[in-house]
Amino acid sequence: MELEVYIDGKWYPKSEARISVFDHGLLYGDGAFEGIRSYNGLVFKLKEHLDRLFETAHTILLKIPLDRKELTEAILETLRRNRLRDAYIRVVVTRGVGDLGLDPTKCKRATVIIITDKIVLYSEELYKNGLEIITVPTVRNFPEAVNPALKSLNYLNNILAKIEANNAGVVEALLLNHQGYVAECTGDNVFMVKNGTLLTPPVYVGVLKGITREAIFGIAAKKKLPHEEKILTRHDLFNAEEVFLTGTAAEVIPVVKIDGRTIGTGKPGPTTRELMKAFHALTRTDGVRY
Ligand code: PXG
């Protein structure tokens with residue numbers, strides 16, 4: 001059976017799921033989205049993802065035509081219809097259909113799309129042996145322009161960084177902010193371990209407040225592992241004991257080389273491996289059942 005996609009209250013087979021070419025999500029990248037995962041029939045951190053979606057929508061003055069309860073039910077029903085126990089869930093809310101011209105007041109109603117499918121970002125081999133990443137010339141968006149804390153449909157900043165990494169023969173890019181401090185990767189937050197302390201850049205540097213990032217801090221707190229937000233430079237990362245990335249799609253993945261510098265021993269470190277294990281355990285037990 002073909003997967004079904006939710007669009008504005010109805011479900012369509014994947015091959016017939018379409019929206020208008022006049023939708024401002026397509027014409028201008030005007031909208032918000034979330035990438036969520038379910039594991040073993042449980043949606044992981046659904047409340048946190050909905051909070052972030054509604055916050056992004058509030059900031060960009062986008063009215064989501066469903067309330068939280070209705071949107072939750074639409075997500076769970078899409079998962080049930082598709083009989084997916086382990087899924088990647090993409091919720092997209094666009095400004096909706098309007099005229100040519102970027103004025104959003106012409107868009108009468110936001111379009112709501114829910115896709116549930118699979119996602120694989122990196123090979124098993126990379127989870128085992130670690131990633132090599134590079135710093136790219138494209139810097140992360142200025143918080144005063146399009147704040148990276150928004151999960152908006154404008155991902156060109158991230159895509160340019162991804163292209164620059166691909167062109168250099170690596171699969172992931174490290175973006176610095178406009179002051180040269182470490183921001184994040186194209187769809188992942190960055191962590192490092194130094195003297196046993198877990199460090200990640202604060203959100204005001206210009207990064208997404210990742211939900212996996214928050215989950216990792218939660219696990220660290222439980223394990224009494226020292227952890228704090230700190231402004232970081234490339235020099236800090238190069239000399240870290242361990243570096244890893246976190247994101248809904250990527251989960252937790254070790255980094256063993258940055259800009260040609262070996263990180264730690266050049267192999268995924270014990271703290272990273274411990275956190276990967278604890279994160280997987282959490283995803284198996286914590287979530288909204290459907
Ligand atoms: N930074 C950015 C720029 C992101 O887009 C993260 C960090 C990690 O946040 P979470 O809340 O997921 O821990 C993201 C999330 C995809 C995909 O389709 C991307 C993300 C999430 C899910 C899927 O590539 N990015």
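Modeller: Before the pair itself, one convention is needed: an angle of 65 to 115 degrees between two axes counts as roughly perpendicular. The model is a predicted one. In general, two packed helices are described by the angle between their axes and by the distance between those axes. The pair in question consists of helix H6, residues 211–222, and helix H8, residues 270–285, whose axes come within 10 Å and cross at roughly 105 degrees. H6 and H8 are therefore roughly perpendicular to each other. On the side of H6, the contact is formed by Thr 212, Ala 215, Ile 216 and Ile 219, while H8 contributes Leu 275, Ala 278, Phe 279 and Leu 282. Sorted by class, the residues of this contact comprise 7 nonpolar and 1 polar, with no charged residues.

Ile 211, a residue of H6, is among the residues touched by Arg 52. Arg 52 itself lies in helix H2, which covers residues 46–59. Its relative accessibility is 11%, and because buried means under 20%, Arg 52 counts as buried. The side chain of Arg 52 is joined to that of Glu 34 by a polar contact of 2.8 Å. Leaving aside residues up to four places away in sequence, Arg 52 touches Glu 34, Lys 151, Leu 208, Lys 209, Gly 210 and Ile 211.

Lys 224 is located in the loop between H6 and strand S12, the latter being residues 227–229. Although Lys 224 is not a glycine, its phi is positive, at about 55 degrees. Most residues other than glycine have a negative phi. With 73% relative accessibility, Lys 224 counts as exposed. Leu 61 occupies the loop between H2 and helix H3, residues 68–81. Leu 61 likewise is not a glycine and has a positive phi of about 55 degrees. The relative accessible area of Leu 61 is 74%, so Leu 61 is exposed.

Thr 283, which falls within the residue range of H8, is 42 Å from Lys 106, C-alpha to C-alpha, and the two are 177 residues apart in sequence. Lys 106 belongs to the loop between strand S5 (87–94) and strand S6 (111–117). Its relative accessible area of 43% makes Lys 106 partly exposed. Beyond residues up to four places away in sequence, Lys 106 touches Val 97, Gly 98 and Asp 99.

The whole chain provides the setting for these details. The protein chain has 8 helices and 16 strands. Its radius of gyration is 19 Å, close to the 19 Å that the globule rule gives for 290 residues, so the chain is as compact as a globular protein of that length. The C-alpha trace spans about 55 × 40 × 30 Å along its principal axes. Of the 290 residues, 52% count as buried. Among contacts between residues at least 6 apart in sequence, 70% join residues at least 24 apart.

Definitions and conventions:
Residues numbered from 1 in each chain as written. Predicted model: local features only at pLDDT ≥ 70, side-chain atom pairs only at ≥ 80, totals over all residues. Heavy atoms only, no water. Axes fitted to C-alpha atoms, helices over the stretch in contact; angles between N-to-C directions. Helix = DSSP H or I, 4+ residues; strand = E, 2+ residues; numbered from the N terminus. Parallel < 35°, antiparallel > 145°, perpendicular 65-115°, else oblique. Contact = heavy atoms within 4.5 Å. Nonpolar A, V, L, I, M, F, W, Y, C, P; charged D, E, K, R; others polar. Buried < 20%, exposed > 50% of the residue type's maximum accessible area, 1.4 Å probe, protein only. Polar contact = N/O pair within 3.5 Å; in protein donor to acceptor, adjacent residues only side chain to side chain. Rg over C-alpha atoms; globule rule 2.2 N^0.38 Å.
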